[in-house]
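Subject: Structure handover

Hello,

Here is the structure I promised to pass on. Please open it alongside this email.

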Amino acid sequence: MLRYLKSIFQHRCPTCKEPLHTKVDSLHCTKQCPNGHYREETYSPLGVRIVYENRE
């Protein structure tokens, strides 16, 4: 049951539904698809979110 609840809140690639790899440091957070379909960068101090999608 706990595993199911965690999977609901896990970010996934909109194309292939794989879980995104996340890197966090003091300036920004990067979420990236392991297959290269999707990348998202969030700069919290600036309030900016950039999304890169591979449209095939």
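Below are the notes, from the overall fold down to single residues.

**Ground rules**

This is a predicted model: local features need pLDDT of at least 70, side-chain atom pairs count only at pLDDT 80 or more, and totals for chains, interfaces and linings use all residues. Residues are numbered from 1 along each chain as its sequence is written, and side-chain values use heavy atoms, with hydrogens and water left out.

**Overall fold**

The protein chain has one helix and four strands. Here helices (H or I, at least four residues) and strands (E, at least two) are DSSP runs, numbered from the N terminus. Along the sequence the pattern reads α-β-β-β-β. The C-alpha trace spans about 35 × 30 × 15 Å along its principal axes.

The chain exposes about 4,800 Å², and carbon and sulfur atoms supply 53% of that area. Accessible areas come from the Shrake-Rupley method with a 1.4 Å probe; for residues, only the protein chains shown count as cover. Of the 56 residues, 18% count as buried. Buried means under 20% relative accessible area, exposed means over 50%, and partly exposed is in between (1.4 Å probe, protein chains only).

Contact means heavy atoms within 4.5 Å. Among contacts with a separation of 6 or more, 5% come from residues 24 or more positions apart.

Helix 1 covers residues 2-8 and includes Leu-2. Leu-2 is exposed, at 58% relative accessibility. Ser-7 also lies in helix 1, and is partly exposed at 30%.

Which residues form a nonpolar patch on the surface? They are Met-1, Leu-2, Tyr-4, Leu-5, Ile-8 and Phe-9, with about 760 Å² of accessible area together. Patches are made of residues with over 30% relative accessible area and no salt bridge; like charges are joined within 9 Å, and nonpolar side chains (Val, Leu, Ile, Met, Phe, Trp, Tyr) within 5 Å.

**The loop after the helix**

Lys-17 sits in the loop between helix 1 and strand 1 (21-24). Lys-17 has a positive phi of about 65° although it is not a glycine. Its relative accessibility is 52%, so Lys-17 counts as exposed.

Glu-18 lies in the loop between helix 1 and strand 1. Glu-18 is partly exposed, at 36%. Leaving aside neighbours within four places in sequence, Glu-18 contacts His-11, Arg-12, Cys-13, Pro-34 and Asn-35.

**Cysteines**

How many disulfides are there? The count is zero, where a disulfide is a pair of cysteine sulfur atoms within 2.5 Å. For Cys-13, the closest cysteine sulfur is in Cys-33, at 3.7 Å, which is too far for a bond. For Cys-33, the closest cysteine sulfur is in Cys-16, at 3.7 Å, again too far for a bond. Cys-13 is buried, with a relative accessible area of 1%. Cys-33 is buried at 3%.

**The hairpin**

Strand 3 (residues 38-43) and strand 4 (residues 48-53) run antiparallel, joined by six bridges. Two strands pair if DSSP finds at least two bridges between them. Strands 3 and 4 form a hairpin with four residues between them. In the turn, Gly-47 has a positive phi of about 75°.

Glu-40 is in strand 3. Its bridge partner in strand 4 is Val-51. Beyond four places in sequence, Glu-40 touches Cys-29, Thr-30, Lys-31, Arg-49, Ile-50 and Val-51.

**Salt bridges**

Side chains of opposite charge can pair when their charged atoms come close. The structure holds two salt bridges. The rule is a side-chain nitrogen of Lys or Arg within 4 Å of a carboxyl oxygen of Asp or Glu.

One joins Glu-40 and Arg-49 (3.2 Å, N to O). Is Glu-40 buried or exposed? Glu-40 is buried, at 9% relative accessibility, whereas Arg-49 is exposed at 56%.

Glu-41 forms a salt bridge with Arg-39, and the closest N and O atoms are 3.4 Å apart. Glu-41 is buried at 13%, while Arg-39 is partly exposed at 30%.

Best wishes
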